[in-house]
Amino acid sequence: MNKVLLKMAILSVSLLTVMAGAAISPALGDIALAFPDVSETTIKFILTLPSVMIIPFIFISSHLTRRFSKKHILFAGMFFYLIGGLGGGFASSIELLLLCRAILGIGVGLLMPISTALVADFFDGEERTTTMGQVSAANNLGGVALFLMSGFLAAISWRMAFSVYSLVIVAAIIVFFYLPTTKPEKDTPGMTRAPLPKKLYAYGAAMFFIVLAFYSIPTNMALFIQEEGIGNSQSAGMVISIATAAGFFAGIFLGKVKRLFKTYFVAIQLLLMGSGFFIIAVSNHLVLIGLGVGFMGFGFGSILPTVFDQVSRQVPKSQTVQAMAIVTSMLFFGQFSSPIFLDGIGILFGNESIRFMYTFLSSIMILVALAFFGIAFKVNLTHKKKLTME
């Protein structure tokens, strides 16, 4: 088995997943103009509705692995992905557009847990961590490609932006030729599955909140840039792609960065995200906003694969897809909840501006980062005391 070609097949699937719902976010401002009678929150649902369908189909995908090969499930997911993705560009009403987005969600739901579980199937130890980082990098690289293409195409027509989903055809060809067909994960007779560790649900909660914060970028940036008169859909696509580009490099250098910062790794990445939100909140220029988005994207791109890597180490291989399904469902629940939760915060504080929302996120993220610094300091102090006693 050629591991380079195998990685290429796994990474080609990863290109399609995490940012799928947000791929057409640069066109959001133009879509809002095309449907002037639709509320801003409903327009944001165009990005977040796929998450509603993704969540149940993540668990359906997990169940299907006991009956079918992962490769066959991937092809089923890619079919729904193509129909739902391209279909949005032909929608004549907001209801039909939302239906297509729901179909896209079914496709992503079938793909997502398998794309990460395949890493645990074929790689172990340090190589698994490195590959998980590469999967995250591929997620973000896919985001860069989708956001840039969507931004340029949206400048022609918002309907053209949906053609970015045709990239699934390329991934399907690579998977067909280079991903081995594995047997269904059938339980051994008489074997009882151990309950999933409670720590897994803590990782799921962490995933929910970190994605809820991150998704404020794709769901709000195009509207923010339009409202502030800073740029158009093309510039929004470029700014949003900076987050995923930074996340790409974060994934590539994940192993080295973790070794460098050790126990302070998570705290530093959270601080980076908080600083990024602060820069966005106080900026009125695309370059500075891009800088803030880059900081935020690097922090997010470092934390996301770290959570997945830790999850894969908490359970045996036979339960990897099930564990990934739980944590991944929280990822997409965070995507769906992001505009509802953050718009609610604006209403609660009497300030519904997007700039205030980024200020709020900055404050919360920096406070959480400081808490993690305190935890890491205590861990190091305890470790030093043990070494001294020995």
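What follows is a short chat about a predicted model.

Biologist: Where is Gly 88 placed?

Modeller: Gly 88 lies in the loop between helix H4, residues 70–87, and helix H5, residues 94–122.

Biologist: Is Gly 88 buried or exposed?

Modeller: Gly 88 is buried, because its relative accessible area is 0%, and buried means under 20%.

Biologist: What does Gly 88 touch, not counting residues up to four places away in sequence?

Modeller: On that count, Gly 88 touches Leu 97, Cys 100, Trp 158 and Phe 162. As for Ser 163, its C-alpha atom is separated from that of Gly 88 by 9.0 Å, while the two residues are 75 residues apart along the chain.

Biologist: Now the core. Which residues touch the most other members of the largest nonpolar core?

Modeller: Ile 31, Met 221 and Tyr 358 do, in a core of 106 residues. The largest share of this core comes from H5, with 13 residues.

Biologist: And which residues is Ile 31 in contact with, leaving aside neighbours within four places in sequence?

Modeller: Ile 31 is in contact with Ile 24, Ile 43, Ile 46, Leu 97, Trp 158 and Phe 162.

Biologist: Changing topic, which residues make the nonpolar surface patch of about 610 Å²?

Modeller: The patch is made by Ile 364, Leu 367, Val 368, Leu 370, Phe 372, Ile 375 and Val 379.

Biologist: Where is Phe 372 found, and why is it called partly exposed?

Modeller: Phe 372 is found in helix H15, residues 354–389. Phe 372 is called partly exposed because its relative accessible area is 34%, and exposed means over 50%, buried under 20%.

Note on methods: Residues numbered from 1 in each chain as written. Predicted model: local features only at pLDDT ≥ 70, side-chain atom pairs only at ≥ 80, totals over all residues. Heavy atoms only, no water. Helix = DSSP H or I, 4+ residues; strand = E, 2+ residues; numbered from the N terminus. Buried < 20%, exposed > 50% of the residue type's maximum accessible area, 1.4 Å probe, protein only. Contact = heavy atoms within 4.5 Å. Patch = residues over 30% accessible without salt bridge, like charges linked within 9 Å, V, L, I, M, F, W, Y side chains within 5 Å. Areas by Shrake-Rupley, 256 points an atom, 1.4 Å probe, with all protein chains shown as cover. Salt bridge = Lys/Arg side-chain N within 4 Å of Asp/Glu carboxyl O. Core = buried A, V, L, I, M, F, W, Y, C linked by side-chain atoms within 4.5 Å.
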